[in-house]
Number of protein chains: 2
Amino acid sequence: MRVTYEQMFQEFNRVLLKNGFSMEKAQVCARIFTENSRDGVYSHGLNSFPSFIQSLQKGTIDISSQPVKVEAFGAMERWDAKYGPGMINATFAMNRAVELAKENGIGCVALKNSNHWMRGATYGWQAADSGCVGLCWTTALPAIPPWGGKEAKLGNNPIVFSIPREGGHVVLDIAISQFSYGKMRTYQLNNEMLPMNGGYDTEGNLTNDPGKILESRLALPIGYWKGAGLALVIDLISMVLSGGRCVSELGKQETEHGISQVFTAFDLSRLPGHSEMSERINQVLDDFHDTELLDGFDRVRYPGEGTSHMRKENMEKGIPVVESIWNQVLAL
Amino acid sequence: MRVTYEQMFQEFNRVLLKNGFSMEKAQVCARIFTENSRDGVYSHGLNSFPSFIQSLQKGTIDISSQPVKVEAFGAMERWDAKYGPGMINATFAMNRAVELAKENGIGCVALKNSNHWMRGATYGWQAADSGCVGLCWTTALPAIPPWGGKEAKLGNNPIVFSIPREGGHVVLDIAISQFSYGKMRTYQLNNEMLPMNGGYDTEGNLTNDPGKILESRLALPIGYWKGAGLALVIDLISMVLSGGRCVSELGKQETEHGISQVFTAFDLSRLPGHSEMSERINQVLDDFHDTELLDGFDRVRYPGEGTSHMRKENMEKGIPVVESIWNQVLAL
């Protein structure tokens with residue numbers, strides 16, 4: 001079953017308004033949930049919407065609050081998100097980082113007391129749509145052990161890089177774990193093993209059995225010790241720049257809320273040679289595509305390429321929905 | 001055999017002066033080579049010094065040139081390194097990024113036409129010594145295939161993050177490949193297999209046989225598709241910010257020279273709560289250390305922890321040297 005972008009947006013908007021969101025905030029949230037499904041990231045689109053609405057009951061999201069500026073030092077600002085909806089805060093923060101970049105060449109917003117931003121790529125696309133290179137990351141609940149340890153101490157902190165390009169931005173959105181827990185559940189439901197090790201079993205042995213990793217909750221970071229290090233530095237930098245919570249503090253809470261994030265934008269529009277840059281980016285991507293392939297692959301894709309294809313297809317044909325979840329939303 | 005820091009520094013300085021370096025440049029280069037060995041990164045310290053001196057004959061490094069400012073937009077600047085020695089350029093660029101951060105909260109220098117910076121962590125420590133969070137990366141020769149491809153299209157572009165901390169900064173310095181070619185050669189010489197897959201054989205099969213990877217020159221990126229994506233975005237961002245060469249252009253040259261790099265600093269010294277931040281960082285690291293261990297590990301280490309230990313030991317006992325290489329330097 002497929003529904004149009006407009007249908008999906010209107011339903012989300014209706015439910016958000018019914019749940020007390022202001023017109024403006026409902027539109028931002030509805031747009032982002034719809035775009036996530038439109039781009040093929042259903043897990044952070046329609047499929048997350050009912051649980052997002054449900055989570056409003058917990059009281060960890062304050063739908064009436066606005067981010068407040070705490071400190072400003074030229075091109076770098078600290079904001080307190082006051083526990084507002086994560087998507088609205090993140091949109092606001094990247095927008096502010098872009099404004100600072102337009103004034104100063106580069107701009108950075110460190111945010112504390114925010115909430116789950118859903119899909120990190122959203123804010124990478126946003127920066128690139130404004131003609132900026134975007135770099136942002138978020139902290140998250142402990143889910144990854146240090147290299148050599150078997151307790152989840154490190155956040156599966158996603159990091160996002162984006163480069164603006166006519167015809168489709170290059171946007172990399174990677175969490176630290178090799179596989180998301182959602183992806184591992186899908187493999188488990190299909191009775192499939194992961195294509196490579198994705199975590200530890202409860203004994204501390206590396207395994208590609210998704211069920212064992214879902215039991216231990218010890219996901220393997222990309223590059224073993226390298227990804228574990230990356231998770232730690234993202235946590236520390238987010239904490240020192242924002243003054244907000246670190247990952248171990250999040251782990252002591254019952255839910256993931258009040259998280260720290262960093263948004264950086266680099267303005268390209270004033271750099272000389274800007275107009276030829278699109279051509280040079282395309283040359284890099286042409287060279288990238290022009291590779292002999294491993295068996296089993298029909299092409300290689302740059303980060304964001306699949307998204308651009310999916311977006312086009314879903315705008316033409318409608319956005320695929322799981323009928324039961326769609327009906328759930330209609331009934332909200 | 002061990003030599004003192006002072007002995008090593010003086011020898012390097014002598015050889016550099018003899019090879020036409022100015023007093024000031026000789027001191028920067030000699031210091032960095034010595035510090036790399038002092039910190040236990042012998043591959044980028046003493047062990048690289050003779051080949052660095054030899055490389056001066058190729059004419060790809062202009063020891064007399066100075067970085068020149070090309071564009072300035074507030075907190076973001078573009079500099080042309082004019083093919084000077086990479087370590088001097090990188091030191092200069094991070095220093096300038098720190099100056100910009102002290103003025104603007106954040107600062108960024110994009111550098112083109114530079115050369116190999118030896119060890120990336122050097123510039124992370126430098127930013128942290130100045131009270132800044134540091135983030136920098138460099139491009140490098142193509143050495144990694146896109147995910148699904150079997151041609152080296154992507155640079156093994158190292159990325160460095162640093163967080164200042166009393167008692168030893170946290171500094172992560174990671175290349176994109178799971179193992180460096182130097183490390184793979186060491187395993188090969190010892191007739192050992194890598195502890196996990198580190199690349200492809202010439203048929204395109206994943207392997208942990210270092211000899212096969214050294215033959216194919218196809219190293220495996222951290223996190224498979226994730227590291228491949230990271231290599232590409234580092235390349236593109238370096239190119240668009242600096243206006244300099246991309247990785248595929250480096251690949252068309254006979255040697256790695258004229259590379260693009262980006263240096264970003266975030267000033268912490270003016271942020272309120274700065275004095276308590278050290279305490280909070282230590283709490284994060286205490287929690288990190290306090291983990292049950294996997295078999296075969298006696299502790300977990302944060303990025304930079306091993307460096308701090310090694311530095312202390314080598315300053316006390318002298319810096320270990322391979323006698324033949326040390327004698328080679330004495331004879332230069």
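**Two chains and their interface**

I'll start with one pair: the side chains of R280(A) and E249(B) form a salt bridge, 2.8 Å from N to O. By salt bridge I mean a side-chain nitrogen of Lys or Arg within 4 Å of a carboxyl oxygen of Asp or Glu. Between chain A and chain B the count is six salt bridges.

Some housekeeping. This is a predicted model, where local features need pLDDT of at least 70 and side-chain atom pairs count only at pLDDT 80 or more, while totals for chains, interfaces and linings use all residues. Residues are numbered from 1 along each chain as its sequence is written, chains are lettered from A and ligands numbered from 1 in the order in which they are written, and side-chain values use heavy atoms, with hydrogens and water left out.

Back to the interface. The rule finds 26 residue pairs in polar contact across it, both residues at pLDDT 80 or more. A polar contact is a pair of N or O atoms within 3.5 Å; within protein, one must be able to donate a hydrogen and the other to accept it, and residues adjacent in sequence count only if both atoms are side-chain atoms.

On the side of chain A that touches chain B, helix α8 (residues 225-242) gives the largest share, 12 residues. Helices are DSSP runs of H or I, at least four residues, numbered from the N terminus.

How many residues does the contact take from each chain? It takes 76 from chain A and 77 from chain B, with contact meaning heavy atoms within 4.5 Å.

Next, area. About 7,300 Å² is buried between chain A and chain B, and carbon and sulfur atoms give 74% of that. This is the accessible area, with a 1.4 Å probe, that the two parts lose on being put together, summed over both. F73(A), K226(A) and L294(A) supply 9% of the area that chain A buries against chain B, more than any other three residues.

Now symmetry. Chain A superposes on chain B by a rotation of 180 degrees with 0.0 Å of shift along the axis, RMSD 0.0 Å. The two copies are thus related as by a two-fold rotation axis.

Last, helix α5 (residues 121-129) of chain A. Eight of its nine residues are buried, so this helix is largely enclosed by the rest of the structure. Buried is under 20% relative accessible area, 1.4 Å probe, protein chains only. Among the buried residues are Y123(A) and W125(A). G131(A) follows α5(A) with a positive phi, near 80 degrees.

How values were computed
Copies are superposed by least squares on the C-alpha atoms of residues with pLDDT of at least 70 in both. Helices (H or I, at least four residues) and strands (E, at least two) are DSSP runs, numbered from the N terminus. Buried means under 20% relative accessible area, exposed over 50%, partly exposed in between (1.4 Å probe, protein chains only).
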